[in-house]
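Please look over the sequence and the structure shown below, and then read the notes that follow, which are grouped by topic so that they can be checked against the picture.

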Number of protein chains: 2
Amino acid sequence: MLKLTHGGVTAAKGFRAYGINAKIREGKTKNDLALIVSDTECSAAGLFTTNKVKAAPVLLDIETVRNGKARAIIANSGNANACAEADYENALRMQKAAAEALGIAQDQVLVGSTGVIGMKLNIEAIEKGLPKLVDLLTSDDIGSAEAAKAIMTTDTVMKEQAVICEINGKEVTIGGISKGSGMIHPNMGTMLCYITTDCAIDSVTLKKVLKEVCDCTFNRISVDGDTSTNDSLIILANGMADNEPVAEGSEAYQVFREALLKLCTDLARRMAADGEGAKHLITCRVAGCESEEKAVTLGKSVIGSSLTKAAVFGCDANWGRVICALGYSGCDFDPLKVDIAFAGGGESITVCTGGKGLAFDEEKALAILKNNEVIIDVNMNEGDAEATCWGCDLTYDYVKINGDYRT
Amino acid sequence: MLKLTHGGVTAAKGFRAYGINAKIREGKTKNDLALIVSDTECSAAGLFTTNKVKAAPVLLDIETVRNGKARAIIANSGNANACAEADYENALRMQKAAAEALGIAQDQVLVGSTGVIGMKLNIEAIEKGLPKLVDLLTSDDIGSAEAAKAIMTTDTVMKEQAVICEINGKEVTIGGISKGSGMIHPNMGTMLCYITTDCAIDSVTLKKVLKEVCDCTFNRISVDGDTSTNDSLIILANGMADNEPVAEGSEAYQVFREALLKLCTDLARRMAADGEGAKHLITCRVAGCESEEKAVTLGKSVIGSSLTKAAVFGCDANWGRVICALGYSGCDFDPLKVDIAFAGGGESITVCTGGKGLAFDEEKALAILKNNEVIIDVNMNEGDAEATCWGCDLTYDYVKINGDYRT
């Protein structure tokens, strides 16, 4: 039993959330401060950016999550709190303000920020807004939705999802919110993604399953090849589903892993589809590889190719750019074994077999490339391993959005 | 004595060239077939793409250049002759047709192609055009110019240059033509670049100096991170300057190396500045590094960052994207030592010291970023090594050009 449900981070038992406009940046009217809190202490695990330049909230969370316990997440948009005056002090102040407003210990609070790098955070606005935010916390769907809106930057759609599975006869819920858009090329973590669950599971097992799932989902998407300073993927598990604690290697572990994989795949796909300026979700399925690792490297090279991305924007079946991107991936392979097809809207067209171009129906290719999701199917014909990666097209709007982001 | 001169590939003694429209693609009016030939046999050396998928002319040239001797280069635009039906056979036919028209041995001819991948080459048009092209060969400047035009694809300006140096009291000339524009992220070679010289130098020494110079010039530029299937950098040296042959480790070697470096730096900068859709040349100077290799890795990460490129397009001094790109370069460093400044038009403005943002004069920054060449000065403050890399901004026109390149 694995099914989708509504409610995002408030879908699981015992979680409340909300988001407000705390006026962190003058003149902005969207929500910019999100709070998620559990009624009881949670097992906590997090994965963070591998960027050598880490934002202050990331550095603080890496410390905080070490004890494997937490109850709340406070996060803002509009400012990355990275490479800025007093950045670490302000991350601490943010953590402290949330703890005081909630009446819990400071080391039970995780902190996140997203937005422009290098500008001093308006911490006073956050401190001022927190009591009001705590008053508004709710376990209703609206709580998750307002929180999801508060972490958006250039995202055009809110991203939340929840799934229900059954573990030892108990219904276990997992839900999450995320934001993506630009500077998306996650490596070990991703742009902000917060997941809550009522599953009983210890923090070591939780971290293990989170890492496994992240490697197959958020670590397989790219919008622009830029790995952010603020990537954070955090999960809180409060045990209120009352299941027997999930143990590594058990059947329950597999069930929980499948449910989390479903949730994270869904959120990762939405992040890729809503990449800055994107008009198409690009799904690259690489089959027939010697290893899954190689399939991922090849797939990420394709979804990261500016030329392939621009071709999909123009609905141009320019598969030469796909085989070129496979070629510079760093992987060794025989070019004369490669097959390539484009698929979308239930149709498929093969454009290259054995590394050589085929004459193909351009009208049919155009119809396929006009779908919102364009699938690039690659077969290396050298083994049985496969992997799927997700990206988006490169559009005028990406350039427009990023030509003047700070103002 | 090192000075610039005119004449490109026909500047050195004993070289003739020309380019024509051989009608390789229906309805196109630009030159598409270039021929360069030396009056006498040359030492020859070449560097080629590291892309695993290599175009047929690259595979053929790798074989041909092995004996270190050649006399001519035949090259077409409009079709990459890669991953296409009969690609290798057509590369051989192109080599043979040029040899017959010139009355020289087939293994004295190097072959190059650039354009769309995966479409069958119109070899008949090339075979038909060659006798006419041979008739037009000239050692005048116009010969190099017409050849330079014939290898252009989406380039907006023709790229040619020549330099004169003195070796053992003899005047030695080196000249080249190149084309770049898109799919530019050379590794070991670059998009088509052909260099001729009248220097006396054996092919082993020639290859060594070419590699050294390529590593500091063409291997330090990027337009879009896409390493092409057709990258080729070839040099022909016919010895007609009558200097004593240049020996490795000699003073003459250094003089020749400096002259070639000057030529290649100039051509590489022009290729970056004329990247597809580019409005700005971006020069990233990374100083204060532990090693030159590290400085190159850091600099290439900055010039390859889509977000940095889009910010420069928008004249936005968004240095947070620069430090972010340094951070995901894969290099280890202390973020709290990094200084960043923008420079251009003789002005400079420091925007980050010790890894933290400074309040800076936005008007002055805007004025600097409006220059055609924007310099990003990074100091890692950890050593004495430095390197310069070149790229260009990411613009609407890049997306436009690449959204529909095949038609």
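This is a predicted model: local features need pLDDT of at least 70, side-chain atom pairs count only at pLDDT 80 or more; totals for chains, interfaces and linings use all residues.

Ser305(A) touches Arg321(A), Ala325(A), Tyr328(A) and Asp226(B), leaving aside residues up to four places away in sequence.

- Ser305(A) is found in the loop of chain A that runs between α7 (292–303) and α8 (306–313).
- Because its relative accessibility is 1%, and buried means under 20%, Ser305(A) counts as buried.
- A polar atom of the side chain of Ser305(A) lies 3.0 Å from the backbone nitrogen of Thr308(A).
- Between the C-alpha atoms of Ser305(A) and Met271(A), which are 34 residues apart along the chain, the separation is 18 Å.

**The contact between chain A and chain B**

- Chain A and chain B each bring residues to the contact, with 54 residues from chain A and 54 residues from chain B.
- About 4,300 Å² is buried between chain B and chain A, and 58% of this area is on carbon and sulfur atoms.
- Four salt bridges are found by the rule across the interface of chain B and chain A, and Asp332(A) forms a salt bridge with Lys52(B), in which the closest N and O atoms are 2.6 Å apart.
- Between chain B and chain A, eight residue pairs are counted as being in polar contact, with both residues at pLDDT 80 or more.
- On the side of chain B that touches chain A, at least two residues are supplied by each of α8 (306–313), α9 (320–327), β14 and α11 (396–403) of chain B.
- The element that gives the most to this side of chain B is α11(B), with six residues.
- Sorted by class, the side of chain B that touches chain A has 23 nonpolar, 17 polar and 14 charged residues.

**Helix α2 of chain A**

- Helix α2 of chain A, residues 87–102, has 16 residues and reaches 23 Å from its first C-alpha to its last, which is close to the 22 Å expected at 1.5 Å a residue.
- The buried residues of α2(A) are Asp87(A), Asn90(A), Ala91(A), Met94(A), Gln95(A), Ala97(A), Ala98(A), Ala99(A) and Leu102(A).
- These buried residues of α2(A) are covered by elements that include β3 (33–48), α1 (56–64), β4 (69–77), β5 (109–114) and α3 (123–136) of chain A, together with β14 (356–357) of chain B.
- After α2(A) comes Gly103(A), which has a positive phi near 70 degrees.

**Positive phi in residues other than glycine**

- Ala86(A), which lies in the loop between β4 and α2 of chain A, has a positive phi near 55 degrees although it is a residue other than glycine.
- With a relative accessible area of 24%, Ala86(A) is partly exposed.
- Cys83(B), in the loop between β4 (69–77) and α2 (87–102) of chain B, is not a glycine and yet has a positive phi of about 55 degrees.
- Cys83(B) has a relative accessible area of 7% and is therefore buried, a word that applies under 20%.

**Glu146(A) in helix α4**

- Glu146(A) has its place in helix α4 of chain A, residues 141–150, and counts as buried at 12% relative accessibility.
- The side chains of Glu146(A) and Lys149(A) make a polar contact at 3.1 Å.
- When residues up to four places away in sequence are not counted, Glu146(A) touches Tyr18(A), Gly19(A) and Asn31(A).

How values were computed: Residues are numbered from 1 along each chain as its sequence is written. Chains are lettered from A and ligands numbered from 1 in the order in which they are written. Side-chain values use heavy atoms; hydrogens and water are left out. Helices (H or I, at least four residues) and strands (E, at least two) are DSSP runs, numbered from the N terminus. The expected span of a helix is 1.5 Å times one less than its number of residues. Buried means under 20% relative accessible area, exposed over 50%, partly exposed in between (1.4 Å probe, protein chains only). Contact means heavy atoms within 4.5 Å. Buried area is the accessible area (1.4 Å probe) that two parts lose on being put together, summed over both. A salt bridge is a side-chain nitrogen of Lys or Arg within 4 Å of a carboxyl oxygen of Asp or Glu. A polar contact is a pair of N or O atoms within 3.5 Å; within protein, one must be able to donate a hydrogen and the other to accept it, and residues adjacent in sequence count only if both atoms are side-chain atoms. Ala, Val, Leu, Ile, Met, Phe, Trp, Tyr, Cys and Pro count as nonpolar, Asp, Glu, Lys and Arg as charged, and the others, Gly among them, as polar.
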